[in-house]
Amino acid sequence: MNADTHLNDLSLRLLGRAFDELDPEESRVVQAVARRAPSSRDAADLGDAQASTGDRLADRVAAVGGSWAFIIAFTLILLGWMLLNSEVLQHFGLAFDPYPFIFLNLMLSTLAAVQAPIIMMSQNRQAAKDRLTASVDYEINLRAELEIMRLHEKLDQLRIAELAAKVDALCARLDGESG
């Protein structure tokens, strides 16, 4: 029996569908069952392997921009900027961005315009990681379910063989007593 026929028979027996009708996840599971190889994979490693440099940079920017350290440091810088331009430098007539801080507003708008899409890219990447994790979890769950079904089949076959042996022994005993 060639490998394709074996895979088709296995998928028909376990999933009730031909191998070429299976989803990619189901195909990987049936192939792993046929090879008796583990089917678990680390979704984080798979996601990291598929990540581009831009993806990793977006993740880092989102991690920094979404931290308390960033919020506190950014608040201190803003307060320092406003204090410096309203009191200290204005006293000497050197304030380069006096109240209402138009240059500061321009910089904040620019930061928001750049930071928001980067954070959205990171969120999209996280959603893709979550989908990959769900796919890997489905494969593991399917593999476990199929292996449990196979174990039940083996136990049923052992019980049938045991019962057949007992029936044969009883028949032989009855034949021996009647003769």
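Which residue has its backbone nitrogen 3.1 Å from a polar atom of the side chain of Asn-85? The residue is Asp-97, whose backbone nitrogen lies at that distance of 3.1 Å from the Asn-85 side chain. A polar contact here is a pair of N or O atoms within 3.5 Å; within protein, one must be able to donate a hydrogen and the other to accept it, and residues adjacent in sequence count only if both atoms are side-chain atoms.

The model is predicted: local features need pLDDT of at least 70, side-chain atom pairs count only at pLDDT 80 or more, and totals for chains, interfaces and linings use all residues. Residues are numbered from 1 along each chain as its sequence is written, and side-chain values use heavy atoms, with hydrogens and water left out.

**Overall form**

The protein has 6 helices and 0 strands, in the order α-α-α-α-α-α from the N terminus. Helices (H or I, at least four residues) and strands (E, at least two) are DSSP runs, numbered from the N terminus. The radius of gyration is 33 Å, whereas a compact globule of 179 residues would have a value near 16 Å. That radius is taken over C-alpha atoms, and the globule rule is 2.2 Å times the number of residues to the power 0.38. Along the principal axes, the C-alpha trace spans about 125 × 35 × 20 Å.

Buried residues make up 22% of the 179 in the protein; buried means under 20% relative accessible area, exposed over 50%, and partly exposed in between (1.4 Å probe, protein chains only). The accessible surface is about 12,700 Å², and carbon and sulfur atoms contribute 63% of that area. These areas come from the Shrake-Rupley method with a 1.4 Å probe; for residues, only the protein chains shown count as cover. Among contacts (heavy atoms within 4.5 Å) with a separation of 6 or more, 58% involve residues 24 or more positions apart.

Asn-85 lies in helix α5 (residues 68-91). Asn-85 counts as buried because its relative accessibility is 0%. Leaving aside neighbours within four places in sequence, Asn-85 is in contact with Gln-90, Ala-95, Phe-96, Asp-97, Pro-98 and Phe-101.

Phe-101, one of these partners, belongs to the loop between α5 and α6. Its phi is near 55 degrees, a positive value in a residue other than glycine. Pro-100 is also placed in the loop between α5 and α6, and a cis peptide bond with omega of about 15 degrees joins Tyr-99 to Pro-100.

Glu-139 is found in helix α6. Leaving aside neighbours within four places in sequence, Glu-139 is in contact with Glu-25, Arg-28, Val-29, Ser-39 and Arg-41. Pro-117 is placed in helix α6 (residues 102-178). Its C-alpha atom is separated by 50 Å from that of Thr-5, 112 residues away along the chain.

Arg-36 is in the loop between α2 (24-35) and α3 (43-50). Phi of Arg-36 is near 55 degrees, a positive value in a residue other than glycine.

The table gives the accessibility of several residues discussed above.

| Residue | Relative accessible area | Class |
|---|---|---|
| Asn-85 | 0% | buried |
| Glu-139 | 2% | buried |
| Phe-101 | 9% | buried |
| Pro-117 | 40% | partly exposed |
| Arg-36 | 66% | exposed |
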